[in-house]
Amino acid sequence: MHPDIATSIANLRDRIDSWRAADETIALVPTMGALHSGHLQLVELAAERCDRVVVSIFVNPTQFGPEEDFSRYPRRPEADLEALGRVGVPLVFAPSAEEMYPAGYATTVKVAGPSEGLESDFRPYFFEGVATVVSKLLISCFPDEAVFGEKDYQQLLVVRRLVSDLRLPTRIVAAPTAREADGLALSSRNAYLSAEERRRAPLIYSSLQGAADALRAGAPAASTVNDVQERLSEAGFRVDYISLRHSETLQPLAELSDGPARLLAAAWLGGTRLIDNIAV
Ligand code: AMP
């Protein structure tokens, strides 16, 4: 059975209010749709933790730059509803752009700190768009918990910062990155890859793994990161960044011993931008 669909914030709140009146806990899983099994793992985690799961599906225009893939971003509402129905999600929030951004809107949310550098160096609009839409989603339903994927690690930290700074009453839960058998992180954008690019794409993850092993064995950070960069470039990737960062602050780490570490990468394969990260 398909989930019910709320397209307005008022309808969403009505449903949430009825669950609250019955003392049920609520988890929100925000997505842009074109759901894959990574998204469904977030839903499963949410369902283990709370009585009711709401999945939002909204391709958020404000987090795409003017040259980016907003118009061609995959949209598969029927398949999404079917998949969510199969895992027992009772309610999908699927607002229009006008519902989320009323005519003349003039309010945005900007998080400094963890949003600086990395993705922001290459996608300057991205985190303000994400922070704004996540704030609106959280304020629209005040869930007990909201689940985000570690696949978008910087985004996860930005959301944590935002929730803490705005004192929103929602616990942010992180879900590990779901991967294909060959290691490629699941992503709606993988659909853009040609068959030949798809064969090369797992090199991002295997290179990160190799680098993490080398770092743990005592290899110097700068040359290890350089090696990954070269390996990917030789294989035809255009690397935006490979960077060793503190896993909580995202400050650059000169050496592994300087703190709990995360290795983050973004690279283009043809016209597709892939991101990935691992704990070191
Ligand atoms: P998106 O629809 O790409 O905006 O992603 C919605 C949520 O799913 C975000 O919290 C992502 O981090 C998460 N997500 C996307 N891909 C994966 C994956 N491969 N593993 C775990 N979480 C993911």
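Start by selecting strand 7 and strand 8 (residues 261–269), an antiparallel pair held over 8 bridges. Strands here are DSSP runs of E with at least two residues, helices are runs of H or I with at least four, and both are numbered from the N terminus. Two strands count as paired if DSSP finds at least two bridges between them. Before going on, note that this is a predicted model: local features need pLDDT of at least 70, side-chain atom pairs count only at pLDDT 80 or more, and totals for chains, interfaces and linings use all residues. Residues are numbered from 1 along each chain as its sequence is written, and side-chain values use heavy atoms, with hydrogens and water left out.

**Stop 1**

Now show the whole sheet: it is open, has 3 strands in the order 7-8-9, and pairs antiparallel. Strand 7 (238–246) and strand 9 (272–279) are the edge strands, each pairing on one side only. On average, neighbouring strands here are turned by 10 degrees against each other, direction ignored; the axes are lines fitted to C-alpha atoms, and angles run from 0 to 180 degrees between N-to-C directions.

Zoom in on two spots along strand 7. Tyr241 sits opposite Ala266 in strand 8, and Val239 has Ala267 of strand 8 as its bridge partner. How many of the residues of strand 7 are buried? The count is 8 of 9, so strand 7 is mostly covered; buried means under 20% relative accessible area, exposed over 50%, and partly exposed in between (1.4 Å probe, protein chains only).

**Stop 2**

Next, select the open sheet of 6 strands, which runs 1-4-3-2-5-6 with parallel pairing. Strand 1 (4–6) and strand 6 (171–175) stand at its edges with a single partner strand each, so one side of each has no neighbour in the sheet.

Pick out strand 2 (residues 26–31) and strand 3 (residues 52–57): they run parallel and are joined by 6 bridges. Val29 stands opposite Val55 in strand 3. While you look along the strands, keep in mind that side chains in a regular strand alternate between the two faces of the sheet.

Then move into the loop between strand 2 and helix 2 (37–49), where you will find Ala34. Is Ala34 buried or exposed? Ala34 is buried, at 1% relative accessible area. For a distance check, draw a C-alpha to C-alpha line from Ala34 to Ala222: they are 188 residues apart in sequence and 37 Å apart in space.

**Stop 1: the second largest pocket**

Select Ile57, Arg75, Pro77, Asp80 and Ala94, the closest to the centre among the 16 residues lining the second largest pocket. About 260 Å³ of space lies in this pocket. Helix 3 (residues 77–86) gives the most to the lining, with 3 residues. By type, the lining divides into 12 nonpolar, 1 polar and 3 charged residues.

- A pocket is an open set of points on a 1 Å grid over the protein atoms alone, where a 1.4 Å probe fits, with protein on both sides within 12 Å along at least five of seven lines; lining residues have an atom within 4 Å of a point.
- Grid points are joined across faces, edges and corners, and the volume is the space filled by probe spheres set on them.
- Ala, Val, Leu, Ile, Met, Phe, Trp, Tyr, Cys and Pro count as nonpolar, Asp, Glu, Lys and Arg as charged, and the others, Gly among them, as polar.

**Stop 2: the cysteines**

A search of the whole structure finds 0 disulfides (a disulfide being a pair of cysteine sulfur atoms within 2.5 Å).
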